[in-house]
Amino acid sequence: MADLGTPFPFVVPQFFTNSGLIASSHQIFSYTAGTTSKISTFTSAALTTPNSNPLVLDSSGRGVMFLSPGVSYKFILAPPLETDPPTSPLWTIDNVVSIPASTVNTDVQGRAGENLVANNAVYLSDGSGGTTAGRWYKASTTNAYSSVSASMVGMAVADIVTGAFGAIRRAGRVEISGALTDGATYYIGSTAGS
């Protein structure tokens, strides 16, 4: 079964200006969370036809948007003919995470707090140990905050340089070369990222 998109936030939402008027012909810009890098929304749950970006709302202030599974978005509602990125938005909402995919692999977009290599065991920092909260770092058993007490752990899917966004596998399959056994349980080691 193919993954289906997530409706945003419900079927055909209607948007209004700060004055309570219908946001006719206003624009919704969609970006990767925390950035001004455009990312697509789609016209249907099949995720085959992307919306224009920005999506121009109809005369009733409505627009249909389906989101890619497991992706974090930033949305900005702006007046008609506003620049990209908007300089006078009506509102901005960041870190909108869509429903994860129904497939075996669940990836989230995360910002690296240090250089990460594909298949590093990583954790989401809460700011402990001199790290930046909200960024991903190599996990290690040498400190509890990066292993047993970390709120989220995962595996880097590919190399991610410090400050850049990349995929973090929260659930599913990771292919690692070496003498490992499928289905066996492995633990975060004392070498950072192992």
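Which element gives the largest share of the lining of the second largest pocket? That share comes from β7, with six residues. The model is a predicted one, and its chain holds eleven strands and zero helices.

**The second largest pocket**

- The volume of the second largest pocket is about 400 Å³.
- Its lining is made up of 22 residues, and those closest to the pocket centre are Ser 72, Gln 109, Gly 110, Leu 124 and Trp 136.
- Two or more lining residues come from each of β6 (91–97), β7 (106–112), β9 (135–138) and β11 (165–171).
- By residue class, the lining of the second largest pocket has nine nonpolar, nine polar and four charged residues.
- Rolling a probe the size of a water molecule over the atoms shows where empty space is left.

**Chain make-up**

- Read from the N terminus, the order of elements is β-β-β-β-β-β-β-β-β-β-β.
- The chain has 194 residues, and 39% of them count as buried.

**Contacts and surface**

- Among contacts in the chain with a separation of 6 or more, 62% are between residues 24 or more positions apart.
- The chain has an accessible surface of about 10,300 Å².
- Carbon and sulfur atoms account for 56% of that accessible surface.

Methods:
Residues numbered from 1 in each chain as written. Predicted model: local features only at pLDDT ≥ 70, side-chain atom pairs only at ≥ 80, totals over all residues. Heavy atoms only, no water. 1 Å grid on protein atoms, 1.4 Å probe; cavity = no way out; pocket = protein on both sides within 12 Å on 5 of 7 lines; lining within 4 Å. Points joined across faces, edges and corners; volume = space filled by probe spheres on them. Helix = DSSP H or I, 4+ residues; strand = E, 2+ residues; numbered from the N terminus. Nonpolar A, V, L, I, M, F, W, Y, C, P; charged D, E, K, R; others polar. Buried < 20%, exposed > 50% of the residue type's maximum accessible area, 1.4 Å probe, protein only. Contact = heavy atoms within 4.5 Å. Areas by Shrake-Rupley, 256 points an atom, 1.4 Å probe, with all protein chains shown as cover.
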